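Student: I would like to go through the labels used for this model and see what each of them rests on. Please show it first.

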2 protein chains.
Amino acid sequence: MSELRRVEVLEPILKANDVLANQLKEEWSHAGIFAVNLLSAPGAGKTTLLEATLVRIKDQYRVLVLVGDIETERDAERVRALGVDVLQITTGGTCHLEAFMVRQAWERMKSCGPFDFIFIENVGNLVCPASYGLGEHLRVVLLSVPEGDDKPKKYPKAFRTAGVFLVTKMDLVSHFKFDVERVKSEALDLNPRLVIMELSAQSGEGMETWLNYLENARKKAGLGP
Amino acid sequence: MSELRRVEVLEPILKANDVLANQLKEEWSHAGIFAVNLLSAPGAGKTTLLEATLVRIKDQYRVLVLVGDIETERDAERVRALGVDVLQITTGGTCHLEAFMVRQAWERMKSCGPFDFIFIENVGNLVCPASYGLGEHLRVVLLSVPEGDDKPKKYPKAFRTAGVFLVTKMDLVSHFKFDVERVKSEALDLNPRLVIMELSAQSGEGMETWLNYLENARKKAGLGP
């Protein structure tokens, strides 16, 4: 009986999140905006990837960045330094972003547009963010070389629900026992449609491929020119 | 009104966890067991630290290891290879261990004792595990050099509630922009009583200090000989 009641409470919460997420996606698609949700453990390089991406595309595309953190505005400050529109979403203890938080942030920032891309940097957590759609067209999971090649099957939902898997900090691969082929085949076991790229925002390795993929994904979604 | 109801639901859950955690701690203290809860993001080196610790103490102390993971038994297998009693707690999607899970595991393993130490390796997550006591005498938070020196204030609860903060993978510090003094002073801002140690389970740096600390902590808790 108590089990039943728990389901009754949780189901509507997830459904409400999906409803809001779908509304956001529809609104963004209508406005020609391609939205990307970046998801990883702390320190996998989400902000560094964002910086490297923004530097390369900000003259060509109008970009909004929404940054989720439990406390502090540090990541937003790093992005703001590049002259891009950015809003910090401070979750105040919650370990993931939910669609209602993103909608609140979007309502505050939409008048700064129009935008071509929205990048949402989720809270650093490889578990719970995977359960909450934020209206994104593309979910990207990052795993950095120092974290180890055994992680996909230990944190499967992030890899099952993502469209792209970025192996980050590839410039460090010689310092670690990290088997790139193992991590790839394990991730593909979980999700055969996953697009996997190796990159290093530090050295620039793989950035070209990543940026091409982003541009093409936006076009394929019918949002590009 | 709905705010009030939410509090009513959450409070008893946390209290129930505290009650179970206190019962576990009491039972363990009575049996002379010192319990350690290891908490970090994925890939910070919890299992590697455990391996390095167990190799050094397993002939002198009787150790039980409880390993939390969302899926897979990988970490437990690594520990089991050392010939130590270990039980995997697979949370099936839940992003943290709770006291009731640890109690179930303990009930299954207690007959394998007596034990001097219990090490609980939490799910890789720097957020939610900090909210759930597991009956431990000592909570240890690990942050590895590759994760970055800006993490304590972004994930404050783990640092506020821990007794020890281990800066891990110190053998890599020359490859990263990682300011050890910054990370220490930031962690101490959050929690002035935090004991901070730098170590590398790989090179062995700092392991002696860590093991001495563990032995002394067990004695100070009145559990050692």
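Student: Which residues is B:Leu39 in contact with, leaving aside its neighbours within four places in sequence?

Tutor: This is a predicted model. In it, B:Leu39 is in contact with B:Lys46, B:Asn122, B:Asn125, B:Leu126, B:Pro129, B:Ala130, B:Arg139, B:Val140, B:Val141, B:Leu142 and B:Ala158. B:Leu39 itself belongs to strand S1 (residues 34-39) of chain B.

Student: Why is B:Leu39 called buried?

Tutor: The label requires under 20% relative accessible area. B:Leu39 has 0% relative accessibility, so B:Leu39 counts as buried.

Student: Why is B:Asn125 called buried?

Tutor: The limit is again under 20%. B:Asn125 is at 1% relative accessibility and therefore counts as buried. Its place is in the loop between strand S4 (117-121) and S5 of chain B. Beyond four places in sequence, B:Asn125 touches B:Leu39, B:Ser40, B:Ala41, B:Pro42 and B:Cys95, and from the other chain A:Asn125 and A:Val127.

Student: What makes the pair of B:Asn125 and B:Val127 a polar contact?

Tutor: A polar atom of the B:Asn125 side chain lies 2.8 Å from the backbone nitrogen of B:Val127. The cut-off for N or O atoms is 3.5 Å, so the distance of 2.8 Å meets it.

Student: How do you know that A:Asn17 is buried?

Tutor: A:Asn17 has 5% relative accessibility; the limit is under 20%, so A:Asn17 counts as buried. A:Asn17 sits in helix H1 (residues 2-30) of chain A. A polar atom of its side chain lies 3.0 Å from the backbone oxygen of A:Gly133. Not counting residues up to four places away in sequence, A:Asn17 touches A:Glu98, A:Ala99, A:Tyr132 and A:Gly133.

Student: What makes B:Arg160 and A:Glu71 a salt bridge?

Tutor: The closest N and O atoms of B:Arg160 and A:Glu71 are 4.0 Å apart. The rule asks for a side-chain nitrogen of Lys or Arg within 4 Å of a carboxyl oxygen of Asp or Glu, and the pair is therefore listed as a salt bridge. Across the interface of chain A and chain B the rule finds 8 salt bridges. For polar contact, 10 residue pairs are found across the interface, both residues at pLDDT 80 or more.

Student: Which residues touch the most other members of the largest nonpolar core?

Tutor: Of its 55 residues, they are A:Val141, A:Phe159, A:Phe165, A:Val167, B:Val141, B:Phe159 and B:Phe165. Beyond its sequence neighbours within four places, A:Phe159 is in contact with residues including A:Val141, A:Leu143, A:Phe165 and A:Leu190.

Definitions and conventions
Residues numbered from 1 in each chain as written. Chains lettered and ligands numbered in written order. Predicted model: local features only at pLDDT ≥ 70, side-chain atom pairs only at ≥ 80, totals over all residues. Heavy atoms only, no water. Polar contact = N/O pair within 3.5 Å; in protein donor to acceptor, adjacent residues only side chain to side chain. Helix = DSSP H or I, 4+ residues; strand = E, 2+ residues; numbered from the N terminus. Buried < 20%, exposed > 50% of the residue type's maximum accessible area, 1.4 Å probe, protein only. Contact = heavy atoms within 4.5 Å. Core = buried A, V, L, I, M, F, W, Y, C linked by side-chain atoms within 4.5 Å.
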